[in-house]
Amino acid sequence: MEDEKTKTKKTYISVLALTMMNVSMVAGLANDVQQSFYGLASVTYFAIGAICFFIPTALVAAELASGWSNRGGIFRWVGEGLGKGWGLTCLFILWFQTMLNFGMGMPSFTATIMFYTPNYDAAVKFAQNPQHELLIMTGWIILYWVLAYLATKGVKTFSNLAKYGVMIGSLIPLAVMVILAIVWVAQGHTPAIPMTPKDLIPKWNGMSTLALAAGVFFSYTGIDMNAAHIKQLKHPEKDFTKAMFISIILAFLIFVVGTVIIAMIIPEKQINVLYTLYSVFRILGSTIGMPWLYMVLVWALLCNTIAMVVTNMAGPSFMLGQAGGSGFLPHWLQEKNKHNMPAHLMYTQIAGMTIIAYLVKLIPNVEGFVILLTQTITVLYMIYYILMFTAFLRLRYDQPNRPRSFKVPGGMVGAWIVAGIGLISSVFAIVLAIYPPAQVKSEVGSPAIYISVIVILVAIILAICLALYQLSKHHDWVNPDNEFAPFTWEIEGLKKPGKVLSNVPTTLMSKDQNPMGMPIKRPYKPDQQVSEHVVKADEENNISTGKN
């Protein structure tokens with residue numbers, strides 16, 4: 001229980017800040033270049049990705065957050081539906097994928113360092129043949145360590161960084177991009193792609209066409225990650241849902257508008273994933289006599305990168321640290337600093353990222369290694385979403401009467417349609433991630449090596465999750481002062497998730513309880529009922545006090 005003094009000092013995240021944190025997790029102009037190869041058809045791909053994956057994810061996360069809004073995010077939701085072990089697995093997947101993602105991204109940051117200068121031609125030459133890579137990469141790694149340090153400074157610090165970083169690094173550049181693209185067309189330039197309605201229809205190129213669709217699904221992952229901070233919202237159930245749906249609109253616009261403009265200006269054969277976005281801004285800047293505008297964009301994108309790094313560093317570690325205090329992590333890893341952030345866990349993550357970054361740069365075939373890591377992350381992320389969709393359906397059956405301020409429309413039919421689409425999309429993405437690409441022989445060696453390495457990497461990470469969970473059963477790692485409420489099935493006396501008919505709100509049930517890992521102070525019955533008046537009063541109390 002928080003005392004009155006603590007409550008008055010509590011720092012809240014606004015809906016705008018959470019929205020920008022969500023967008024920083026998902027969307028950025030740098031993500032648009034890869035899809036621009038497919039011209040106007042990329043709009044259709046992004047729409048399919050939004051319908052089949054992004055919207056189902058947001059709808060399911062919104063319902064789960066509104067019904068189980070206590071601390072923990074994905075761990076809370078999956079743990080309520082499937083049990084503690086699977087919930088912990090989700091947290092470790094998030095934590096490891098962040099480490100892998102940042103580590104393998106270092107070489108591309110290194111290759112584009114010269115674009116921060118006004119000498120465009122020299123920057124292109126350097127990107128095509130980079131030198132002193134290890135020295136430059138070390139500089140980037142130092143920056144990431146500094147950002148990890150900033151992320152340990154608490155919710156207010158990293159939420160502000162995310163808010164302004166996305167505005168400066170994504171929304172303002174996108175607006176400039178749109179205005180200058182209109183000027184570019186008005187000056188008589190011809191788009192590099194046909195702009196007719198029939199060109200919205202993707203061309204079938206075999207499995208590579210399906211692989212692109214899977215890649216778009218992956219572009220939309222991460223929208224739910226900031227559920228870790230639901231306790232920092234004034235009105236958790238309503239504010240989280242509102243932020244989710246605003247985030248969907250903004251992310252879709254960033255993806256579609258940016259991708260189409262890139263495809264209009266740069267011919268397909270000239271697209272380079274590393275620096276095409278800068279080429280676009282150089283061309284657009286030239287329309288108003290400012291060819292050096294690309295350099296302004298590079299520095300603006302750095303703000304977006306800072307927002308993304310800080311948010312990603314804070315989110316998974318924050319959730320894992322919360323769960324760790326309930327007995328799942330050794331005391332040293334769950335220890336929090338004065339800002340209530342798990343600093344040791346965050347520094348362990350950035351240390352792992354550093355090792356991966358140097359491994360990527362030191363091995364002979366960097367491209368092959370990056371492909372393998374990227375596909376490994378895709379498989380891990382899709383396992384994460386399979387668990388989330390499955391837990392959602394399980395909770396609809398096991399806790400049908402549990403109050404939710406937001407529900408996926410359409411009753412059980414609607415729930416199955418939404419979660420079913422999400423599950424099929426996730427399985428589809430896993431199959432395509434493991435399916436060897438055409439260039440596998442030159443970059444990896446053989447299809448057998450490609451598949452084996454991905455499976456082994458995924459198995460190692462899942463084995464670490466299982467090992468830590470089993471170890472936690474034999475060690476007293478519970479922090480009696482942790483702020484993690486017990487699961488509802490624990491409060492109701494069950495050994496694992498099961499069928500209950502209780503309609504007691506989770507916030508009311510967890511009120512005044514001992515933390516997770518400690519004996520239940522006030523048990524409830526699995527079929528306990530409260531009046532509708534009590535349910536509404538509980539919702540109004542949460543809204544008026546900003547607590548849950």
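R396 and E63 are joined by a salt bridge, their closest N and O atoms lying 2.8 Å apart, where a salt bridge is a side-chain nitrogen of Lys or Arg within 4 Å of a carboxyl oxygen of Asp or Glu. This pair connects distant parts of the chain, since R396 belongs to helix α16 (residues 366-398) and E63 to helix α4 (residues 41-67), 333 residues apart. Helices here are DSSP runs of H or I with at least four residues, numbered from the N terminus. The model is predicted, so local features need pLDDT of at least 70 and side-chain atom pairs count only at pLDDT 80 or more, while totals for chains, interfaces and linings use all residues. Residues are numbered from 1 along each chain as its sequence is written, and side-chain values use heavy atoms, leaving out hydrogens and water.

Both R396 and E63 are buried, a word that means under 20% relative accessible area, with exposed meaning over 50% and partly exposed in between (1.4 Å probe, protein chains only). E63 and R396 are also linked with R404 in a network of salt bridges, and the count of salt bridges by this rule comes to six.

Another of these bridges joins E490 and K84 at 2.7 Å, N to O, and this pair too links distant parts of the chain, with E490 in helix α20 (residues 488-491) and K84 in helix α6 (residues 84-111), 406 residues apart. E490 counts as buried because its relative accessibility is 17%.

Within helix α16, D398 and R394 lie four residues apart, about one turn of the helix, and their side chains meet in a salt bridge of 2.6 Å, N to O. D398 is buried because its relative accessible area is 11%, whereas R394, at 33% relative accessibility, counts as partly exposed.

Key: Helices (H or I, at least four residues) and strands (E, at least two) are DSSP runs, numbered from the N terminus.
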